Amino acid sequence: MPSATVRDVLLFESCQDLREVLCEVLSARGYRVRAFPSVAHLSESPTPAPQAILVAVDSEARSSRDDLSEVQRRWPAPRVPVLALVNGHAPVEAAGVALSLLKPVDEDRLCSALELCTRKGPAVP
């Protein structure tokens, strides 16, 4: 069921096909998604604080771990919940990661996790 209020979500996923699918799914559920292949593609200009950030993390790829570190630097917890979408064998247990979901992630489970993380409303500026 779509949320009554639009919630802003940042998505960092290197796979274009998956990024597009996630955008479609989340948009249909009432989220306003800004998606990028990596944090490096996000301009250095001021970015409005999202209500949640989804970061794809490949346990074997340094670039995705670097993305997670950069997200945590730019949006320190607990101001913005970070959900790690993990391509690997174990969930990410890192400071600032609210939830870790193993890929492939079920649409309902992803949306439930986002709902749980964004229920309290906008992030504190």
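Guide: A residue is buried when its relative accessible area is under 20%, exposed when that area is over 50%, and partly exposed in between (1.4 Å probe, protein chains only). This is a predicted model, in which local features need pLDDT of at least 70 and side-chain atom pairs count only at pLDDT 80 or more, while totals for chains, interfaces and linings use all residues. Residues are numbered from 1 along each chain as its sequence is written, and side-chain values use heavy atoms, with hydrogens and water left out.

Visitor: Why is Ser38 called buried?

Guide: Its relative accessible area is 15%, and the limit is under 20%; therefore Ser38 counts as buried. Ser38 is placed in the loop between S2 and strand S3 (52-58); strands are DSSP runs of E with at least two residues, helices are runs of H or I with at least four, and both are numbered from the N terminus.

Visitor: What joins the side chains of Ser38 and His41?

Guide: They are joined by a polar contact of 2.9 Å. The term requires a pair of N or O atoms within 3.5 Å; within protein, one must be able to donate a hydrogen and the other to accept it, and residues adjacent in sequence count only if both atoms are side-chain atoms.

Visitor: What makes Phe12 and Phe36 a stacked aromatic pair?

Guide: Their ring centres are 5.9 Å apart, with 25° between the planes. Rings of Phe, Tyr and Trp (its six-membered ring) pair if their centres lie within 6.5 Å; planes under 30 degrees apart count as stacked, over 60 as edge-to-face and the rest as tilted. Phe12 lies in strand S1 (residues 7-12) and Phe36 in strand S2 (residues 31-36), so the pair ties together parts that are 24 residues apart in sequence.

Visitor: How do you know that the span of helix H1 agrees with its 13 residues?

Guide: The expected span of a helix is 1.5 Å times one less than its number of residues. For H1 (residues 16-28) this gives 18 Å, and the end C-alpha atoms are 18 Å apart, so the two agree. Among the buried residues of H1 are Arg19 and Cys23.
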